Amino acid sequence: MSEKTGVPKIGVYLCRCGGNISDVIDVESIVDEVSGMDGVVFADVQDYMCSSAGQGQIKNDIEEGRIERVVIGCCSPKLHLETFRAMAKKAGTNPMLLEITNIREQCSWVHDDSDEATRKANGLIKGAVSRMNELESLEPITKDVKDKALVVGGGIAGITAALEIADEREVILIDKAPYIGGHMIGLSKTFPTFDCSQCTLTPKMVEVFNHPNITLYTQTEVASVDGNVGDFKVTLHHSPRYVDIDVCTSCGRCADKCPKDAITLPFAQAIPQAYIIDMEKCTECGLCEKVCPTSAVRLEEEAKERQVDVGAITIATGFEPIDPSIIEEYNYNHHPDIITAIEFEDMLSAKSKTGMRLQKADGTMPQKVAFALCVGSRDFNRGNKHCSKVCCLYSQKQAQLVLKMNKDADVT
Ligand SMILES: Cc1cc2nc3c(=O)[nH]c(=O)nc-3n(C[C@H](O)[C@H](O)[C@H](O)COP(=O)(O)OP(=O)(O)OC[C@H]3O[C@@H](n4cnc5c(N)ncnc54)[C@H](O)[C@@H]3O)c2cc1C
Ligand code: SF4
Ligand code: SF4
């Protein structure tokens, strides 16, 4: 601040960028306009602000006490902000009191109309000067960072993230489902290579489960997050499984005895490889408890919370498909052979209930298959406004899968 007035002493420096800016924008007129603004004690134009001459001028002006704060109108801050701030620091002012306003990429390069481009650049520079009047010096702070990461979501993205982080440090991987793998575990073959999704995914799932640096919690969601980057306190909410995954050997004796089909293994390759009780079906008769050779059943188990301290959180919660019945003209709810792409994948995947066979509701192989693309996508009224970015790819894959199973099928 100027000792006399208490107003910051701001220097405004505009760059011609060898004509890149000044061929379109009348930079001299902007200098005239901003010169009278509060706090501005100096405004000038240079051919190349990033050159030694340009930087040297700002440095001298700071060192000689002529200015304390700097607004530069030039190219994108991505290019030179750090260079200019380092120079400002060297010259003796707080680097956070130097700002760049982009009048090249966001003005001269994108507007043909010289008057309008000048008007826009003028407004941007004036805005930067007003902001500069309000800015406060900032000093970098150092603090300890928790050397542990939380990954939320155990689909292929979360699994990959967890494994990569675990090369260096501890990871907690959580998934709200009773198993990891996300949607990919329910896919059949995968584009572009037509590999079976389980062949790619299950080794990674097992690696996650056995990795000494990864703690896996399924049926777990984030209840709350406090703190900041480097030091988060996260409260996790665990829903009960009613079977202790550390003790269950997946022998299946409980399921053989259960009269309600309430205790099941989610699917053959599920990780964790442990049974789970569906309390909607369970009558708590206790038969499973009696036959379990390892005393793994926990009918009294309740939801619980735990707090974890982590330095970073990776969100990999993937996607939820829309319910096509919201778009009535597709008649999804009215015909058993109108299925979603995910239901198609389910039939052919490791989780298949049809013996990995594509079939109609009457059990026969379809002779004609039509694919409707973009259902619920790019629709401003029903479903999502955005493109799913995958339906064009997987429908081509699924069309080829149909033809592999039935080369005479009529596929549209
Ligand atoms: C019909 C269909 C066919 C496809 N075919 C192919 C193909 O052939 N090849 C290909 O490369 N891609 C294909 N895809 C795309 C592929 O499925 C996705 O790109 C991939 O599954 C995305 O993985 P993800 O880990 O990001 O998300 P997801 O698979 O959605 O996994 C997200 C995980 O996060 C968990 N989760 C969600 N919310 C929370 C929460 N709040 N707390 C904790 N956990 C949470 C979920 O339970 C889930 O396990 C297909 C997609 C569809 C719909
Ligand atoms: S308590 Fe009875 S109904 Fe419930 S899972 Fe066990 S055997 Fe099945
Ligand atoms: S009987 Fe016990 S160990 Fe065997 S699958 Fe059931 S819960 Fe697991």
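At what angle do helix H6 and helix H7 pack, and how far apart are their axes? Select residues 156-166 for H6 and 197-210 for H7. The angle is about 50 degrees, and the axes are 10 Å apart. Axes here are lines fitted to C-alpha atoms, for helices over the stretch in contact, with angles running from 0 to 180 degrees between N-to-C directions. H6 is therefore oblique to H7; under 35 degrees would count as roughly parallel, over 145 as roughly antiparallel, 65 to 115 as roughly perpendicular, and the rest is oblique.

Before moving on, some ground rules. This is a predicted model, in which local features need pLDDT of at least 70 and side-chain atom pairs count only at pLDDT 80 or more, while totals for chains, interfaces and linings use all residues. Residues are numbered from 1 along each chain as its sequence is written, chains are lettered from A and ligands numbered from 1 in the order in which they are written, and side-chain values use heavy atoms, leaving out hydrogens and water. Helices (H or I, at least four residues) and strands (E, at least two) are DSSP runs, numbered from the N terminus.

**Stop 1: the H6–H7 contact**

Show side chains. Ile156, Ile159 and Leu163 of H6 meet Leu201, Lys204, Met205, Glu207 and Val208 of H7. Contact means heavy atoms within 4.5 Å. Six of the residues are nonpolar, none polar and two charged. Nonpolar covers Ala, Val, Leu, Ile, Met, Phe, Trp, Tyr, Cys and Pro; charged covers Asp, Glu, Lys and Arg; the others, Gly among them, are polar. The crossing of H6 and H7 is left-handed, meaning that the near helix is turned anticlockwise from the far one by less than a right angle; clockwise is right-handed.

**Stop 2: H1 against H5**

Now select H1 and H5. Their axes come within 10 Å and cross at roughly 35 degrees. This crossing is right-handed. H1 brings Ser29, Ile30, Glu33 and Val34; H5 brings Thr118, Ala121, Asn122, Ile125 and Lys126. Four of these residues are nonpolar, three polar and two charged.

**Stop 3: the cores**

Select Val12, Ile25, Ile58, Ile72 and Phe84. Of the 42 residues in the largest nonpolar core, these touch the most other members. Such a core is a set of buried Ala, Val, Leu, Ile, Met, Phe, Trp, Tyr and Cys residues joined through side-chain atoms within 4.5 Å. Buried means under 20% relative accessible area, exposed over 50%, partly exposed in between (1.4 Å probe, protein chains only). Elements supplying at least two residues each include strand S1 (10-15), helix H3 (77-91) and helix H5 (114-134). H5 gives the largest share, six residues. Apart from this core lies another, of 19 residues, including Ala162, Leu173, Met205 and Phe267.

**Stop 4: Gln398**

Gln398 sits in helix H11 (residues 391-405). Is Gln398 buried or exposed? It is buried, at a relative accessible area of 1%. Beyond neighbours within four places in sequence, Gln398 contacts Ala341, Phe344, Glu345 and Phe371.

**Stop 5: backbone exceptions**

Most residues other than glycine have a negative phi, and most peptide bonds are trans. Go to Phe191 and Pro192: the bond between them is cis, with omega near 0 degrees. Pro192 lies in the loop between strands S7 (189-190) and S8 (195-196). Ile271 and Pro272 are also joined by a cis peptide bond. Asp261 is exposed, at 51% relative accessibility.
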